[in-house]
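Have a look at it first, and then we'll go through it piece by piece.

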Amino acid sequence: MRLTQFWIVRPLALLVLWVMMATHVSALDISSFVGTYAGQAEVENGDGTTQMRDMSVTISEEDRGFRVAWSTGTTRADGSVKLKEYSINFAPSERDDVFAAAMQRNVFGKEVPLDPMKGEPYVWARILGETLSVYSLFVTAEGGYEIQQFDRTLAENGMQLEFQNVRNGEIARRVSTFLTAE
């Protein structure tokens with residue numbers, strides 16, 4: 001090999017190696033997150049008050065994507081439990097590791113996101129490294145916004161949940177807790 005060929009081939013080989021390494025370090029796929037996780041959290045409200053809640057999330061693979069189903073429960077003073085449950089299907093988008101919510105079907109039977117201009121949330125998810133993030137964007141009746149962000153990061157024996165609800169730039173609610181794999 002001539003010296004000029006060496007100086008051309010060597011940088012190309014290094015570039016290919018770097019791309020292969022960068023690809024390997026990229027996001028996990030959804031199968032790494034599949035499972036049920038549960039725990040308790042102290043929810044911090046924007047006014048400084050706190051409240052204990054039971055929390056759980058189940059992540060499952062679906063036909064073309066995945067489903068995230070979660071619940072939060074609070075125990076009232078009378079001992080009854082107020083439970084809120086949510087479930088969203090996600091389908092791959094044209095972007096790697098970014099998923100569109102498939103929350104309704106259009107007239108052609110295709111799953112599509114909801115319309116934030118109708119007061120419905122626009123929801124999407126992404127996987128970045130060991131974190132699955134779910135975002136919900138709401139346009140308020142007054143034209144303001146509310147965005148919720150759930151970051152679920154894999155950890156030994158479970159996942160770390162970080163949640164934040166922001167309304168027009170102000171933090172309305174925040175949660176940080178560890179959810180144990182069941």
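This is a predicted model: local features need pLDDT of at least 70, side-chain atom pairs count only at pLDDT 80 or more; totals for chains, interfaces and linings use all residues.

## Surface and burial

The chain exposes about 11800 Å², with carbon and sulfur atoms supplying 54% of that area. What share of the 182 residues is buried? Buried residues come to 31%.

Contacts tell a bit more about how the chain comes together. Take the contacts with a separation of 6 or more: residues 24 or more positions apart account for 31% of them.

The mean pLDDT of the chain is 84, and 81% of its residues reach 70 or more.

Which elements sit at the two ends of the confidence range? Helix α1 (residues 3–25) has the lowest mean pLDDT among the elements, at 46, while strand β10 (residues 145–155) has the highest, at 97. Over residues 11–25 the pLDDT is below 50, and beyond near neighbours in sequence this stretch has one contact in the model.

## The overall plan

The parts list is quick to read: one helix and twelve strands. Going along the sequence, the pattern is α-β-β-β-β-β-β-β-β-β-β-β-β.

So what do the strands build? Ten strands form a closed barrel with antiparallel pairing, running β1-β2-β3-β4-β5-β8-β9-β10-β11-β12. Neighbouring strands of this sheet are turned by 25° against each other on average, direction ignored.

## Where β1 meets β12

Strand β1 (residues 35–45) and strand β12 (residues 170–181) pair in the antiparallel sense over four bridges.

Next, follow the end of the chain. Strands β10 and β11 run antiparallel and are joined by ten bridges. F150 has F163 in β11 as its bridge partner.

Strand β11 (residues 158–167) is in turn joined to β12 by ten bridges, again running antiparallel. V166 stands opposite I171 in β12. How many residues lie between β11 and β12 in their hairpin? There are two, and N168 in the turn has a positive phi of about 45°.

## Two residues up close

E146 is found in strand β10. Is E146 buried or exposed? It counts as buried because its relative accessible area is 14%, and the cut-off for buried is under 20%. The side chain of E146 makes a polar contact of 3.2 Å with the side chain of R167. Leaving aside neighbours within four places in sequence, E146 is in contact with S136, L137, F138, N165, V166 and R167.

I171, over in strand β12, counts as partly exposed, at 35% relative accessibility. Not counting residues up to four places away in sequence, I171 touches G46, Q164, N165 and V166. I171 and D47 are 124 residues apart along the chain, yet their C-alpha atoms are separated by 9.4 Å.

Most residues other than glycine have a negative phi.

D97 is found in the loop between β4 (81–92) and β5 (98–101), and at 28% relative accessibility it counts as partly exposed. Another is N168, which has a positive phi of about 45° although it is not a glycine. N168 has its place in the loop between β11 and β12, and it is partly exposed, with a relative accessible area of 48%.

Technical notes. Residues are numbered from 1 along each chain as its sequence is written. Side-chain values use heavy atoms; hydrogens and water are left out. pLDDT is the predictor's confidence in each residue, from 0 to 100. Contact means heavy atoms within 4.5 Å. Buried means under 20% relative accessible area, exposed over 50%, partly exposed in between (1.4 Å probe, protein chains only). Accessible areas come from the Shrake-Rupley method with a 1.4 Å probe; for residues, only the protein chains shown count as cover. Two strands pair if DSSP finds at least two bridges between them. Axes are lines fitted to C-alpha atoms, for helices over the stretch in contact, and angles run from 0 to 180 degrees between N-to-C directions. A polar contact is a pair of N or O atoms within 3.5 Å; within protein, one must be able to donate a hydrogen and the other to accept it, and residues adjacent in sequence count only if both atoms are side-chain atoms.
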